[in-house]
Amino acid sequence: MKKTNLLASLLPGLLSAALLLAPLPLSAAEPVTIRFGVAQVGKGGVPFSNGGVAGLADQRKALQQELEGSDVRVEWHYFKGAGPAVNEALANKQLDFAVQGDLPAVVAKAGGLDTRLITADNLLTSTYLVVPADSPARSLADLKGKRVALFKGTNLHLAILRALKQQGLGERDFRTLNMDFATMAAALTSKDIDGAWFDARAFDLQASGVGRILYDTRAVDPRLTRQGHVLVRGEFEREHPELVQKVVTALVRTAAWTSDPANRETVLSLWANSGTPLEALRAEQEGQSFQRRYSPLLDAFFVERYRTTVRESKELGLIRGDVDVARWVEPKYVQAAIEQLGLQRLWPVYDADNRPIVR
């Protein structure tokens, strides 16, 4: 009898403890925050990027619009340290999504980082070798033995090595210096270096009279270009596949807006918020199809370029492990978004040799 009374007296406390330990209902759970990392930053550290779809989605608040009505928050982080810095943040679980180029993502994946490629962000991007405006150099060979800077570990790095190899050259043919873009621009202005490899910033340097573009990888061969993407951390995808779909849908919607020729000047103006002059952006994009360059499709062209990046990275000793690109790429989110938005005919599908496939 005493045992029964004791149990009865303890029961309310046990029930209270059980309720405290029980999982909270979904509505009471802590809000999810989507953390987006961009392997680029604007001049002076301004939180803007240029030349990609994801940065436009940030400026246009596309993700917030897609998530309207939920308590999901969105954070954007821009990294001066480019791809390597983004990889470090992903490895430390400080980011959920990332916008970066092919080489840094391949290096991280080969090193065991759990990620999935979920949409293309920018394709066929060129890399430019800039020399001082009064330099006598007229070819890559003219700079042999000279001081040439590049930003190692970024997706420009492999494109540069490809370009040099095509010309029968290598990194060791130059006095190679590792610098970020801001440092390279300053060193080129003071003529402390004889050349430097840039992205679209090259046109700004040329327009200001500081430098002259000596070499353009895209003009030589499309296979020397760089590709960009958006990826998601594997753990986040497994825990929140519905949020991954909403993010990709917002990015695909932004890519469709970007692909519309009527929006071209607005797109360039938004990219110019990064500090790159509008005239320089126009020059870099002259003759380029936004519909092609900003297609989100993870088609045979995209897959083959990443396979090539893996193979060449191994040959050059940039990675040791292997990457199964076919398993790394996850196209279902883009496909679902295209179906939902009725965009089936907007972007042609390209084969591995960058030729459109007639559908």
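## Largest pocket

The largest pocket of this predicted model has a volume of about 850 Å³. Its lining counts 50 residues, and A39, Q40, F181, D199 and R201 are the closest to the pocket centre. By class, the lining holds 19 nonpolar, 21 polar and 10 charged residues. Nonpolar here covers Ala, Val, Leu, Ile, Met, Phe, Trp, Tyr, Cys and Pro; charged covers Asp, Glu, Lys and Arg; the others, Gly among them, are polar.

A pocket is an open set of points on a 1 Å grid over the protein atoms alone, with protein on both sides within 12 Å along at least five of seven lines; a cavity is a set where a 1.4 Å probe fits but cannot get out; lining residues have an atom within 4 Å of a point. Points are joined across faces, edges and corners, and volume is the space filled by probe spheres set on them.

## Cavities

The model has 2 cavities of 30 Å³ or more.

V53, A54, T119, A120, D121, V230, L251, A255 and P296 line it. At least two lining residues come from each of α2 (53–59), β4 (115–125) and α11 (241–259). β4 gives the largest share, 3 residues. The classes are 7 nonpolar, 1 polar and 1 charged.

## Helices α6 and α15

Helix α6 (residues 155–166) packs on helix α15 (residues 300–315) at about 75°, with axes 11 Å apart. The two are therefore roughly perpendicular (65 to 115 degrees). L158, R162 and K165 of α6 meet R305, T308, T309, E312, S313 and E315 of α15, where contact means heavy atoms within 4.5 Å. This contact has 1 nonpolar, 3 polar and 5 charged residues.

Axes are lines fitted to C-alpha atoms, for helices over the stretch in contact, and angles run from 0 to 180 degrees between N-to-C directions. Helices (H or I, at least four residues) and strands (E, at least two) are DSSP runs numbered from the N terminus.

## A283

A283 sits in helix α13 (residues 278–285). At 32% relative accessibility, A283 is partly exposed (between the buried limit, under 20%, and the exposed limit, over 50%, with a 1.4 Å probe and protein chains only). A283 and A120 are 163 residues apart in sequence and 23 Å apart in space, C-alpha to C-alpha.

## Basis

Residues are numbered from 1 along each chain as its sequence is written. Local features need pLDDT of at least 70, side-chain atom pairs count only at pLDDT 80 or more, totals for chains, interfaces and linings use all residues, and side-chain values use heavy atoms, without hydrogens and water.

Key. Parallel < 35°, antiparallel > 145°, perpendicular 65-115°, else oblique.
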